[in-house]
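Please look over the model shown here.

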Amino acid sequence: GPVVLWSATLLAGLLALESIWHRAEAQGQFDLLLLSRISPASVVVAKMAAHWILCGLPAVILSPVLLGLMGADISLNAIAALFFGTLYLSLLGSTGAILTFGARQPALLLLVIILPLLIPMFLLGLMASLAESAFNPYLLLQAALAVLGLGILPWLAARLLEDHWKS
């Protein structure tokens, strides 16, 4: 149950990164946005939020239904774990997508860069989903990673986008 849901969510989120970031960069959307004096941080946060709203939020909302269809236990731990995991995927994936601007095979390079960084969140999410106790240390670790990502990754991504635009 949770393994299938996490795997599908991870793959869907990774596939959407290319269309949200790389196609926009190829079409020159970032050039127009940055020329209009919108701050790079605003652009990055808006794109990260769009990725999470389009990929992460539907997974979180539909997870009880999907887990029920798979015959798995529907727990608040599983839903919260998926919330933190999809948030982290959007933050880290967006930063990685900006890092791969201009590469010949950006999708492949993106996978090579961020997949090793996503595996700990994936494993913590699975362990948090399968834990049956009220106190869930795996969920706390996931929350810590997501909060750390919220504090660092938008700023880093904005700097990367600004550096890419200037080059």
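## Basis and terms

Contact means heavy atoms within 4.5 Å. Helices are DSSP runs of H or I with at least four residues, numbered from the N terminus. The model is predicted: local features need pLDDT of at least 70, side-chain atom pairs count only at pLDDT 80 or more, and totals for chains, interfaces and linings use all residues. Residues are numbered from 1 along each chain as its sequence is written, and side-chain values use heavy atoms, with hydrogens and water left out.

## Packing of α5 and α6

The axes of α5 (residues 106-130) and α6 (residues 137-166) come within 8 Å and cross at roughly 145 degrees. Axes are lines fitted to C-alpha atoms over the stretch in contact, with angles from 0 to 180 degrees between N-to-C directions.

## Nonpolar core

The largest nonpolar core has 45 residues; W21, V44, L118 and L161 have the most contacts inside it. Such a core is a set of buried Ala, Val, Leu, Ile, Met, Phe, Trp, Tyr and Cys residues joined through side-chain atoms within 4.5 Å. Buried means under 20% relative accessible area, exposed over 50%, partly exposed in between (1.4 Å probe, protein chains only). Helix α4 (76-99) gives the most to this core, with 12 residues.

W21 touches F30, V44, K47, M48, S94, A97, I98 and F101, not counting residues up to four places away in sequence.

## Aromatic pairs

The whole structure holds 5 aromatic pairs. Rings of Phe, Tyr and Trp (its six-membered ring) pair if their centres lie within 6.5 Å; planes under 30 degrees apart count as stacked, over 60 as edge-to-face and the rest as tilted. W6 and F122 are edge-to-face, at 6.1 Å centre to centre and 85 degrees between the planes. The pair links α1 to α5, 116 residues apart. Both W6 and F122 are buried.

Ring pairs also link W21, F30 and F101 into a cluster.

## Two loop residues

R37 lies between α2 and α3. Its phi is near 70 degrees, a positive value in a residue other than glycine. R37 counts as exposed because its relative accessibility is 79%.

T100 lies in the loop between α4 and α5. T100 is buried, at 1% relative accessible area.
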